[in-house]
Amino acid sequence: MDLPEEEFVAHGRGGCPGCAAVIGARMATKISGKKTIMINSTGCMCVNYGYNGAPLFPYVHSLFENAGSVISGIDAALKALGRREDVNLIVYAGDGGTVDIGFQALSGAVDRGHRFLYICYDNEGYMNTGVQRSGATPYGASTTTTPVGAKAKGEPRPLGRKKDMVRVMAAHGIPYTATASIAYPLDYMRKVQTALQVDGPSYIHLLSPCSPGWGIEPKDTVTVARLAVQTNFAPLYEITGGAAFKVNIKPQKPKPVREYLATQKRFRHLLAKENESELELIQQAVDARFKYLLSCENS
């Protein structure tokens with residue numbers, strides 16, 4: 001893949017050092033180019049783009065709940081004006097605005113068949129409003145609303161119950177859905193390119209480490225994102241036509257999940273000796289899910 005040198009993220013943004021969300025936006029817009037209209041629902045990217053910096057293309061800050069509706073209106077308006085063909089429409093929203101608050105509008109937009117790419121940068125919580133848990137927060141993670149204490153052990157959702165948005169979107173029967181990682185930029189950018197060529201809605205779920213929310217050093221953002229894939233905690237796969245399944249990265253010797261969890265303060269309590277059984281259950285859940293993904297590919 002030939003990568004353009006032109007940048008579409010302006011200098012002077014207001015996000016946190018090492019923010020994976022802005023790294024993901026930078027990569028995506030290198031593929032979509034200048035003829036892009038981007039919608040950010042309320043979240044970290046509005047801090048990055050909307051307050052102190054700006055993308056170098058038309059941009060809308062939508063409410064938390066209505067990015068899917070706003071992009072639908074833009075798609076319809078461009079068609080009515082006869083100016084739809086060469087414009088890329090992208091929603092770039094966090095997990096709170098996708099998995100929770102904005103899900104209804106997103107589901108409606110893809111159900112109506114609007115042509116746009118929805119990228120969810122999943123930092124597994126409401127990070128820019130105080131690190132509260134979201135519907136994407138994994139089991140055991142410590143947040144300000146699922147703290148660790150004498151009895152509590154972080155996010156209590158049962159293992160394996162984090163909402164699988166890629167498969168949920170694929171179940172809508174849309175042409176293309178995928179997971180991605182900023183640590184595998186060529187894989188991610190190829191998926192953006194594929195998604196933008198789809199005649200209809202497409203969806204990419206991008207794991208987006210958050211340095212203050214996860215308790216990692218800003219310099220470690222990409223390393224942590226890579227470990228998520230190398231341990232199979234966040235596997236990379238894509239689904240075409242709602243059914244054709246492909247796992248993109250298959251580690252020959254997956255690293256233990258403990259190695260990934262140990263990089264982050266939010267999971268540090270799980271490494272205590274008294275929580276060994278919890279750690280083993282998490283490892284078993286990760287192994288079982290990856291085995292299931294491989295079975296989907298071969299079915």
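**Reading pockets and cysteines**

Biologist: What classes of residue make up the lining of the largest pocket?

Modeller: This is a predicted model. By class, 16 nonpolar, 4 polar and 8 charged residues form the lining of the largest pocket.

Biologist: How much volume does the largest pocket have, and which residues sit closest to its centre?

Modeller: Its volume is about 600 Å³. There are 28 lining residues, and those closest to the centre are Glu-124, Lys-162, Phe-233, Pro-235 and Arg-289.

Biologist: Which element gives the largest share of that lining?

Modeller: Look to α11, which supplies 4 residues, the largest share. At least two residues each come from α6 (165-170), β5 (176-181), β6 (202-207) and α11 (276-298).

Biologist: And the second largest pocket, what lines it?

Modeller: That pocket holds about 150 Å³ of space. It has 17 lining residues, with Cys-16, Cys-19, Cys-44, Cys-210 and Pro-212 nearest the centre. Two or more residues come from each of α2 (44-51) and α8 (211-214), and α2 has the largest share, with 3 residues. By class, the lining has 10 nonpolar, 7 polar and no charged residues.

Biologist: How many disulfides does the structure hold?

Modeller: To count as a disulfide, two cysteine sulfur atoms must lie within 2.5 Å. Here the number is 0. For Cys-210, the nearest cysteine sulfur belongs to Cys-44 and is 5.8 Å away, so Cys-210 is in no disulfide.

Biologist: Is Cys-210 buried or exposed?

Modeller: A residue counts as buried when its relative accessible area is under 20%. Cys-210 is buried because its relative accessible area is 10%. Cys-296 is buried too, at 13% relative accessibility.

Methods. Residues numbered from 1 in each chain as written. Predicted model: local features only at pLDDT ≥ 70, side-chain atom pairs only at ≥ 80, totals over all residues. Heavy atoms only, no water. Buried < 20%, exposed > 50% of the residue type's maximum accessible area, 1.4 Å probe, protein only. 1 Å grid on protein atoms, 1.4 Å probe; cavity = no way out; pocket = protein on both sides within 12 Å on 5 of 7 lines; lining within 4 Å. Points joined across faces, edges and corners; volume = space filled by probe spheres on them. Nonpolar A, V, L, I, M, F, W, Y, C, P; charged D, E, K, R; others polar.
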